[in-house]
Amino acid sequence: MPLKSSPAQPPAATNAVQTLWKAYNDQTPDRLKFIDAFLFFLMLSGVAQFLYCVLITDFPFNAFLAGFSSNVGQFVLAASLRSQVNPENKNEFKEVSPERAFADFALGSIVLHFFVYNFLG
Amino acid sequence: MFSLFPLLLLAIGTQGSVLTLQSPRFKVTSSTGTQLRTEPISFTQKSSTPVTLSQTDILKLTFQVVDKETGDGVQPHQTFLRFYDGKTGEEGIQPVRVTSGGKAKFELNMAKPPLSLPPTSDTPLHVSLIVGTSTHSPMILSLFDLVVPASHPPPYHPDEASFHPLPEIHHTFRPEQKLPLRPISAIFSLVVIAPWFILLGLWSQVAPRVPYLLSPSIIPFITTLGAFEGLLVWYWVDLKLGEVLLYGGALGVITIFAGKQALSKIGDRRIGRK
C-alpha cells in the first residue's frame with residue numbers, strides 16, 4: 001500500500017519513497033487507483049475498529065465482529081478484484097475477463113454482507 | 001389407639017363375660033440371676049416407682065387369664081403387651097404367648113431388646129396389657145411404668161447424607177457490561193467515521209469516468225445490487241431469515257440476468273473499443 005508515506009524518514013529512503021509514489025501516480029490507471037482508495041479506506045476503518053476494541057471495550061462484541069470482519073472480507077474481495085482487473089496481470093488471468101471479476105466481486109460481497117448483517121444483532 | 005376405647009366400652013356392654021388376671025406379678029433379675037425386685041401388680045393402686053431395668057436385666061411377667069365369674073383359665077385369641085411413650089407418641093406392641101390354661105409368661109431381656117420396643121426418651125414407657133377374645137369382653141389393663149436403658153441411636157444409613165437440604169445455590173452472573181463514557185464514544189465514532197471522508201476525498205481525485213452507468217442495459221444491474229443491500233438493511237431492521245432467503249432468491253434470479261446483460265454489454269464495448 002504505497003499510497004501514503006511517513007515524512008519522518010532518512011533522505012535516501014524519502015527519495016525512494018518519493019520515486020515510488022511518483023511512479024505509482026503516473027503509471028497506475030485511474031480505475032486501479034479508485035480500487036486502491038477503497039482498499040486504503042477499508043484498512044483505516046479496520047484499524048480504527050480494532051483499536052477501539054482493544055483500547056476501549058469489545059462491547060458489543062457482535063458489532064465489532066460484524067464491522068471488523070466486513071472490513072477484512074471486503075478488503076480481500078477488493079484486492080482480488082484489483083489483481084484480476086489489472087491490465088498488467090492479463091497473462092495470469094487469461095480466462096477471467098474484468099466483467100467476470102466484477103461479477104465475482106459482486107456475488108462475494110453480497111454473501112459477505114449477508115453474514116455481516118447476521119452478526120450486527 | 002385411644003380412639004378405640006368407645007368401641008371397647010361398647011363391646012363390654014354387649015358381651016357379658018368378663019376376663020380378669022389372676023396373680024399377675026413381675027420380677028426383675030440381673031444377668032447373673034440375682035433377684036432385684038419382685039412385686040405383684042395391683043390394678044387398683046398403681047405402683048409409684050417405675051420398674052427400672054439396666055442394660056443386662058431381665059424382666060419377667062407372669063399372669064393367668066381367667067373368667068371373672070367361674071375362675072377358669074381362658075386362652076384369649078390375642079394378647080399383647082403395649083409399650084407406649086406418652087411424650088413421643090411411639091409405641092411398641094409385643095405379642096404374649098398364653099397357654100390353653102390361660103397362663104402366660106413374658107420375658108423381656110434387655111441384653112437382647114425386641115425390635116418393637118420404642119426408642120427411649122426421658123419419660124418412662126407405659127406398659128399395658130391388651131387381651132382380646134371372641135367369647136369375652138376385651139380388656140386393657142395398665143400394668144406399670146417401665147424405665148429401660150437408653151436405646152442405641154438409630155443406625156446410620158449410608159445414603160443418609162444425600163437426603164438433607166443442600167446449601168442454597170448462588171448463581172454468579174457476569175457483571176453487566178458498561179458502555180464507555182460518552183466523550184470517548186464520541187471521539188471513537190469520529191475516528192471510525194473519518195475513513196469515509198478520506199475515501200470520498202480520494203475518490204473525488206481519481207474517480208474513473210463511467211459514461212454508460214445510466215444506460216438502460218446497465219442500470220438494472222446496479223439497481224438490483226443496490227436492492228440487495230437494501231434487502232440486507234431491511235433484514236437487519238425487521239425481516240426474519242426465511243423471508244430474506246425468499247426475497248434474496250427472487251432478487252438473485254433477476255440480478256443474474258441483469259448482471260449477465262450488463263456485463264456482456266460492457267465486455268462487448270471493451271472488446272469493440274480495442
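Entry 1, the pocket. I looked up which element gives the most to the lining of the second largest pocket: H4(B), with 11 residues. Helices here are DSSP runs (H or I, at least four residues), strands likewise (E, at least two), numbered from the N terminus. A pocket is an open set of points on a 1 Å grid over the protein atoms alone, where a 1.4 Å probe fits, with protein on both sides within 12 Å along at least five of seven lines; lining residues have an atom within 4 Å of a point.

I noted about 570 Å³ of space in this pocket. The volume is the space filled by probe spheres set on the points, which are joined across faces, edges and corners. The lining has 25 residues, and among the closest to the centre are Leu107(A) and Gly252(B).

The model is predicted: local features need pLDDT of at least 70, side-chain atom pairs count only at pLDDT 80 or more, and totals for chains, interfaces and linings use all residues. Residues are numbered from 1 along each chain as written, chains are lettered from A and ligands numbered from 1 in the order written, and side-chain values use heavy atoms, without hydrogens and water.

I found Lys33(A) in helix H2 (residues 30-55) of chain A. Lys33(A) is in contact (heavy atoms within 4.5 Å) with Tyr24(A), Asn25(A), Thr28(A) and Val206(B), leaving aside neighbours within four places in sequence.

I placed Thr49(B) in the loop between strand E2 (35-40) and strand E3 (51-52) of chain B. The C-alpha atoms of Thr49(B) and Glu90(B) are separated by 22 Å.
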